[in-house]
Amino acid sequence: MTLRSDVAELLAGAGILDVDIDEAVADEHVRSSAYRRIVSATVSSRNRDGSGAQGRDRDRATVATILRDPVEIVAKTAVVDFVDRMATRVTGPDEFRRWSAGLMPEIDRLTTDGHRDFIRRRVRDWLLYLSVEEGMAPASAELAKATNWMQRVLAEGTTSSAVLAQLAESGNTRKIRNIARNRAGSRTRRTR
């Protein structure tokens with residue numbers, strides 16, 4: 001397959017007709033924008049319960065095609081966007097675990113270790129987040145392994161008093177600890 005045929009196939013599959021394929025092939029910025037639109041359309045087209053094998057197979061094929069892009073950072077960025085968007089659509093950590101497991105063989109084809117590792121960390125972060133959202137309090141060691149980005153997402157948004165207390169005590173950065181401490185304090189005042 002050629003880059004042109006890959007981009008054309010992805011755009012057609014997502015129903016996106018207003019992107020100049022030749023321009024996308026020639027310009028990685030145009031292509032990156034097109035990939036973001038493809039990912040958005042793909043995720044939006046899934047039903048809330050679209051976690052079946054057919055949807056996962058389609059998503060894996062989309063990721064495999066994107067990862068053939070000759071500019072690996074463009075491909076990595078699109079896949080991270082896909083992971084982020086799916087994490088907010090799934091019904092919980094089990095569904096996300098099944099979905100992301102199907103992508104791992106494709107992600108392993110990335111030649112840059114840092115890109116592979118980044119996507120794997122992002123998946124682990126979202127699994128932690130989704131578990132917390134389901135009411136599970138992670139072990140301190142598990143929370144400590146979360147990236148600063150995910151710790152901050154949790155500090156700013158979780159309603160789990162246990163997670164806020166852990167982050168207030170041992171978040172990776174002073175900012176994370178302060179956000180968690182302030183939110184934990186305001187939650188305590190509101191429940192009195």
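This is a predicted model: local features need pLDDT of at least 70, side-chain atom pairs count only at pLDDT 80 or more; totals for chains, interfaces and linings use all residues.
Author: Local features need pLDDT of at least 70 and side-chain atom pairs 80 or more, while totals for chains, interfaces and linings use all residues. Residues are numbered from 1 along each chain, and side-chain values use heavy atoms, without hydrogens and water.

Reader: What makes a charge sit over a ring?

Author: NZ of Lys or CZ of Arg must be within 6 Å of the ring centre and within 35 degrees of the ring normal. Lys 76 also lies over a ring face, that of Phe 118, at 4.2 Å from the centre.

Reader: Why is the pair of Trp 126 and Tyr 129 called edge-to-face?

Author: Rings of Phe, Tyr and Trp (its six-membered ring) pair if their centres lie within 6.5 Å; planes under 30 degrees apart are stacked, over 60 edge-to-face and the rest tilted. By this rule there are four aromatic pairs. For Trp 126 and Tyr 129 the values are 5.3 Å and 85°, so the pair is edge-to-face.

Reader: Why is Trp 126 called buried?

Author: Buried means under 20% relative accessible area, exposed over 50%, and partly exposed in between (1.4 Å probe, protein chains only). Trp 126 has 7%, so it is buried. Tyr 129 has 21%, so Tyr 129 is partly exposed.
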